[in-house]
Amino acid sequence: DDDDDDDDDDDWLDDDDDDDGGGAGSNGLWLERNRGAPTNRVANCGPGGECDALAHMFVIDEDGSLLQSGTGGGVALPVGFPANAIESCTAAAAHLRCPQLRLRRLWWEAPFELTVQTGRTFGRFKAWRESLDAGTYSRGPYGDTCLMATPEQDRGWAVQPGNQYNLTFFTSPPKHHRLFFFDEAGESALRLALFLTQPFALSVWVDGAEVGDALDSSDAWAFEGEGAPRYPRLSDAHGTHAFDPHQRRFFLTMRGGPDRLRGGGVVLLRLLAVVQLSLTLSVPAADFDGADLVFNVATLLQIPPSRIKVVSVQSSAEVAAAT
């Protein structure tokens, strides 16, 4: 009856009654380490453990009521994993209040790679946020299974749109990469820099279609944007890319969109079968130092001629007189 229902009502904890010192803003939201059931053989989300499920968790406050900030869009983060926080975040009872921080999900997969076939596991994958000079790690999902179980070949991070992230494996990377940026806002963008152990050639596909050189910002002739050759920018179109053989980093711009939460805008990087040749040429010094000096040096260094600027030209006699 109604009286019984009243007696069985849950006794919710008010912010002011919270005995953990969190006070205003806790709203009963507890994001803390927990080892789970005592019967679990694996307890990596517990104290002292490493757990993607908690390290990259964030709760979005859509209207400002959760964090009592008055404005929506902020997030709550776990207390024990502050790497994704910013300076304006504050501590509540059992979470971090970040009303000025907007986070979304970046997901990486190794398509066509089956551990049972290749015998490979990729271990941790680091995402370094350049704006804060700080990084986080993803070791991928796993369950309470036997040690011989096949690990999943995917990784995920909480990322802040409008930033640049360096992605680095601690083992040699796979041949192909599939990336999802789960952000519904079209004005949001990330610039990623994927470290490659060798100067691989990668083709870029967006939603199953190859984008070609039109979005290669290192190609001064085919790039449809401005200022090439250059690195991709946050303002560039989704799928804009460039490879720097000296840094061995593949740069990629990813943008949000209304279909991103449903898996749209997926970017696939496919390894191309290429042949690399090293040639040794011998030319007279007079020919090398002539009118085509800048072009010859650029060819030798494998960089665009536009990156070379001749600031002064002096004869050997002038140099000797100066010394």
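The protein chain of the predicted model contains six helices and 16 strands. Of its 323 residues, 37% are buried. The chain exposes about 18700 Å², and carbon and sulfur atoms supply 52% of that area. When contacts between residues at least 6 apart in sequence are considered, 64% of them join residues at least 24 apart.

Six of the strands form an open sheet, in the order S8-S5-S10-S16-S12-S13, with antiparallel pairing. Strand S8 (154–159) and strand S13 (209–210) stand at the edges; each has a single partner strand, so one side of each lacks a neighbour in the sheet. In general, the strands of a sheet pair through backbone hydrogen bonds, in either a parallel or an antiparallel manner. Strand S5, which covers residues 104–109, is joined to S8 by six bridges, and the two run antiparallel. Within this pairing, arginine 105 stands opposite alanine 158 of S8.

Strand S10 spans residues 177–182 and includes histidine 177. The relative accessibility of histidine 177 is 1%; because buried means under 20%, this residue counts as buried. Its side chain makes a polar contact of 3.1 Å with the side chain of tryptophan 108. Apart from neighbours within four places in sequence, the residues in contact with histidine 177 include Trp108, Glu109 and Pro111. Also in contact with histidine 177 are Phe169, Leu194, Leu196, Val267, Leu268 and Leu269.

A search of the whole structure finds six salt bridges. In one of them, aspartate 183 is paired with arginine 102, and the closest N and O atoms are 2.8 Å apart.

Arginine 178 belongs to strand S10 and glutamate 109 to strand S5, so the pair ties together parts that are 69 residues apart in sequence. Arginine 178 counts as partly exposed at 23% relative accessibility. Glutamate 109 is likewise partly exposed, with a relative accessible area of 21%. Glutamate 109 is also among the residues in contact with histidine 177.

Arginine 230 and aspartate 236 form another salt bridge, in which the closest N and O atoms are 2.9 Å apart. Arginine 230 counts as buried at 13% relative accessibility, and aspartate 236 counts as buried at 10%. Elsewhere, salt bridges with shared partners join Arg102, Arg104, Asp183 and Glu184 into one network.

Most residues other than glycine have a negative phi, and most peptide bonds are trans. The peptide bond from alanine 228 to proline 229 is cis, with omega near 5 degrees. Proline 229 is located in the loop between S13 and strand S14 (241–244).

Glutamine 68, a residue other than glycine, has a positive phi near 55 degrees. Glutamine 68 is placed in the loop between strand S1 (59–60) and strand S2 (75–77), and at 42% relative accessibility it counts as partly exposed. Aspartate 207 is not a glycine either, yet its phi is positive, at about 55 degrees. The loop that holds aspartate 207 runs between strand S12 (202–206) and S13. With 45% relative accessibility, aspartate 207 counts as partly exposed.

How values were computed: Residues numbered from 1 in each chain as written. Predicted model: local features only at pLDDT ≥ 70, side-chain atom pairs only at ≥ 80, totals over all residues. Heavy atoms only, no water. Helix = DSSP H or I, 4+ residues; strand = E, 2+ residues; numbered from the N terminus. Buried < 20%, exposed > 50% of the residue type's maximum accessible area, 1.4 Å probe, protein only. Contact = heavy atoms within 4.5 Å. Areas by Shrake-Rupley, 256 points an atom, 1.4 Å probe, with all protein chains shown as cover. Polar contact = N/O pair within 3.5 Å; in protein donor to acceptor, adjacent residues only side chain to side chain. Pairing = 2+ DSSP bridges. Salt bridge = Lys/Arg side-chain N within 4 Å of Asp/Glu carboxyl O.
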